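Q: Please take one part of this model and go through it closely. I would like the geometry and the residues involved, and then a note on confidence.

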Amino acid sequence: MRRAHKPLDVPAEPSGSPSRRAVLATAAATGAALAVGGLGTGTAQAAGDLTVRLVARPSAEAERLRLGQALRGSEFQTTGRYVPPATALRFNVLPHDGVVPTLWIGQWDYYGTVTEPRSYQLKPGANTVTDPYGGPVYFTLEGLGQRATVRFKSGSVPMPVFTLGSTTEADYQSLLDTYTDVPVVELHGPRSVVTLTRDGALLYRDEDHAALLRLLEQIIEAESDISGLDGSKPVHRPKAGGYHFTEVSVVPSGVGAYATHGYNGFPRAYLDRATTVEGLRTRGWGLYHELGHLHQQMAYKPSGLTEVTVNIYSLAVQRALGQPSNLLTVDPKTGLNYFQSARAKFGMAGLTYEKSFGAYEQLVPLRQLELAFGADFWPRMHKLVREENPQSDSTEAAKRYRALATYASRVAERDLTDFFVTTWAFPIDAEGRAELAALHLPRPTTDPATLTD
């Protein structure tokens, strides 16, 4: 299969990063049983027959286009089953409403030897599939609520699976001790699938996995909220299906994690922050960031902002968890936080947004828009962009910078020309400045560039 485009990589987080105060999610959620249109499978079944009931939902690509996002999310429906390499998997497919599912076998691992799951087109009735590499078994069923049933006959074995709301910690520990020959373990939440190697899962097997998955759900909710995915209109529904977080075998030197179509990848060295409650709650910026890539909208994301606008979502998670903002981190060499160090550069000769400011300093003006125009600034921005869904090619950086400035001004109902062009030296071209002028908006009563957390 063709690979997705190159992943979005982030540097490894320094191991000595300070812990930050947080609060744990308080809303409990329940998992789906036997993949009835959901993500989880409940307690793993004994070897032998297994029935999986599927409910169709829009494809990941259709959802990407509806949401105006850069990356496709996950569309897998889980089974909790593993098929060994070169083993004939036999099952029957019953497409109750005429839609036949697609089978997927394998794990995501962009930089690995075997890079992604393999897909198999199925037919109604008896099917036999032999995959050379083996791996977890998933299905996709594209449509709008149509139903299908898959009845496994032979060739697969249960994986150790913890499903929020239906698996107890004792049950999960027993599964880990029973299925010792299965090399893959999964954690299932209502909107999350965490796929781990057995060795990776055993590193932190003593965690409270219900608390971990509730925390992961809270993180997903925070990013959904800042994206304005409130269901107020069909276009503002959260994406169909969940988010897939997977342990990967290798990443390039200096990379801590990455995002690409379908999933977020985390190497073994990052699992202390992705699969422990305290690590995810206090040092999980990398996961917040990578999940953010699966929420970024294309319209105002030139390549120079790929690693900047993504942290709109990271900051939202920090606020939801009660953490102090990364933008308030003080550089011990200068004694300044990022608001202060950026402000010190205002008015410098030759100032340019992309070259004069560091990565966190570049995030400051995006936060200042919230401080100036309300906590709902970015939700409103996401909604307006989704409703109008402007199109641009990834090479059209000037057009996307224009979109950032004009959409932000429309949401703020203020002329932000001075903020973007004069103060922060964004590369807004003459066409963009003319578009801003044509809005005929009043100037802000308070300069957003003076605001700080």
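A: The model is predicted, so local features need pLDDT of at least 70 and side-chain atom pairs count only at pLDDT 80 or more, while totals for chains, interfaces and linings use all residues. Residues are numbered from 1 along each chain as its sequence is written, and side-chain values use heavy atoms, without hydrogens or water.

Helices are DSSP runs (H or I, at least four residues), numbered from the N terminus. On the α13 side, F377, W378, R380, M381, L384, V385 and E388 make the contact (heavy atoms within 4.5 Å). From α14 come L404, Y407, A408, R410, V411 and A412. Ten of these contact residues are nonpolar, three are charged and none is polar. Ala, Val, Leu, Ile, Met, Phe, Trp, Tyr, Cys and Pro count as nonpolar, Asp, Glu, Lys and Arg as charged, and the others, Gly among them, as polar.

As to confidence, the protein averages a pLDDT of 91 (the predictor's confidence in each residue, from 0 to 100), and 90% of the residues score at least 70. Residues 1-5 have pLDDT below 50, with 18 contacts in the model beyond near neighbours in sequence. Residues 40-47 also stay under 50, and the model gives them 38 contacts beyond four places in sequence. Where pLDDT is low, predicted coordinates should not be read in detail.

Conventions:
Helix = DSSP H or I, 4+ residues; strand = E, 2+ residues; numbered from the N terminus.
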